Amino acid sequence: MNSSDNPKIKRLGVGELPHGRPLQTEFDTGLDYPRLGSVTFRRGTLTDNQEALFNAEWPRLGRVLSDDPIDVDAWFGRTGHPTIVEIGSGTGTSTAAMAPLEADTNVIAVELYKPGLAKLLGAVVRGGIENIRMVRGDGVEVLARMIPEASLAGVRIFFPDPWPKARHHKRRIIQSGTLNLIASRLAPGGVLHVATDHAGYAEWIDERVDVEPRLAYRGWPWPEAPLLTDRQVITKFEGKGLTKDHTIREYLWERI
Ligand SMILES: C[S@@+](CC[C@H](N)C(=O)[O-])C[C@H]1O[C@@H](n2cnc3c(N)ncnc32)[C@H](O)[C@@H]1O
């Protein structure tokens with residue numbers, strides 16, 4: 001009997017992460033890495049239309065976290081274009097708005113949340129956007145396992161989950177180890193762009209802007225930045241006018 005006939009071995013659905021413990025690298029750098037609580041694996045259902053589109057298009061435009069390094073030229077069907085990874089793309093509002101303005105760039109959106117990916121997939125297919133691909137998984141593991149060293153032109157992290165309670169701060173994605181990993185995946189001259197509207201998280205980032213020696217902090221704005229830094233999206237706070245508690249802070253670093 002082969003495995004597909006064995007009722008005990010469940011076949012994974014399209015875009016589904018394997019059951020059980022998620023892949024988690026044990027880094028031996030002595031630096032800090034975010035530790036994901038199981039809460040991060042948010043559930044959510046897709047509408048019938050989203051489900052149909054997801055099943056039809058994900059195999060071409062998406063993949064799940066694995067130990068197979070991504071061959072960007074093969075995946076995007078073109079050679080020699082710069083690649084940007086966005087971690088935590090959410091519903092992909094910025095991703096879909098920015099990508100057409102940087103058509104020469106390959107954009108890989110990484111997200112755990114399937115309904116968010118389904119929404120971005122819909123925008124990509126309906127908008128005929130050709131330079132976005134998606135990976136479902138933890139951004140740290142995707143960088144560590146699937147992205148070759150010194151291969152990226154940019155990494156974006158827009159409005160990462162703020163984890164406001166002190167006991168959850170260890171889950172924040174901006175940590176010394178993540179910055180070290182990002183520095184190793186960026187090519188020299190590559191850019192890390194982070195945005196937050198959470199005052200506590202901004203303080204946290206302020207304390208870490210200089211912790212990674214290969215990332216030179218360029219502040220904000222940085223007019224000479226070699227990639228698109230305008231997120232293109234007016235957030236609900238920006239639309240209403242910023243209040244003291246909702247100042248948007250943006251950060252840029254250059255891989256040296
Ligand atoms: C507050 S939302 C922001 C979404 C989007 N960037 C935006 O600006 O609207 C944070 C997103 O990051 C995702 N996320 C959190 N930790 C992640 C991780 N380790 N890897 C990938 N995505 C992650 C969450 O599922 C969530 O969709």
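This is a predicted model: local features need pLDDT of at least 70, side-chain atom pairs count only at pLDDT 80 or more; totals for chains, interfaces and linings use all residues.
**Notebook: a look around D138**

I began with D138, which counts as buried because it has 26 C-beta neighbours inside 10 Å. Residues are numbered from 1 along each chain as its sequence is written.

**Entry 1: the surroundings of D138.** I found D138 in the loop between β4 and α5. (Helices are DSSP runs of H or I with at least four residues, strands are runs of E with at least two, and both are numbered from the N terminus.) Leaving out residues up to four places away in sequence, D138 touches P22, L36, L65 and L112. (Contact means C-beta atoms, placed from the backbone, within 7 Å.)

**Entry 2: a UniProt group.** I looked up "binding site" in the unreviewed UniProt entry and found E86, E111, D138 and D161 listed. They gather at one spot, because no two of their C-alpha atoms are more than 14.1 Å apart although they span 76 residues in sequence. UniProt positions follow the numbering used here, feature names are shortened, and annotations may be inferred rather than shown by experiment. I then checked D161, which sits in the loop between β5 (152–158) and α6 (176–185). Is D161 buried or partly exposed? With 16 C-beta neighbours inside 10 Å, D161 is partly exposed.

**Entry 3: another UniProt group.** The unreviewed entry also places "binding site" at K165, D197, T235, K236, F237 and E238. I traced D197 to the loop between β6 (186–196) and α7 (199–206). D197 has 19 other C-beta atoms within 10 Å, so it is partly exposed.

**Entry 4: helix α4.** I checked the length of α4 (residues 114–127): its 14 residues should span 20 Å at 1.5 Å a residue, and its end C-alpha atoms are 20 Å apart, which agrees. (The expected span is 1.5 Å times one less than the number of residues.) Its buried residues include L117, L120, L121 and V124. Among the elements covering them are α1, α3 and β3. Just after α4, G128 takes a positive phi of about 60°.

**Entry 5: the whole chain.** I noted eight helices and eight strands in the protein chain. Of its 256 residues, 34% are buried. Among contacts between residues at least 6 apart in sequence, 82% join residues at least 24 apart.

Terms used: A residue is buried if 20 or more other C-beta atoms lie within 10 Å of its own, exposed if 12 or fewer, and partly exposed in between; C-beta atoms are placed from the backbone. Two residues are in contact if their C-beta atoms, placed from the backbone, lie within 7 Å.
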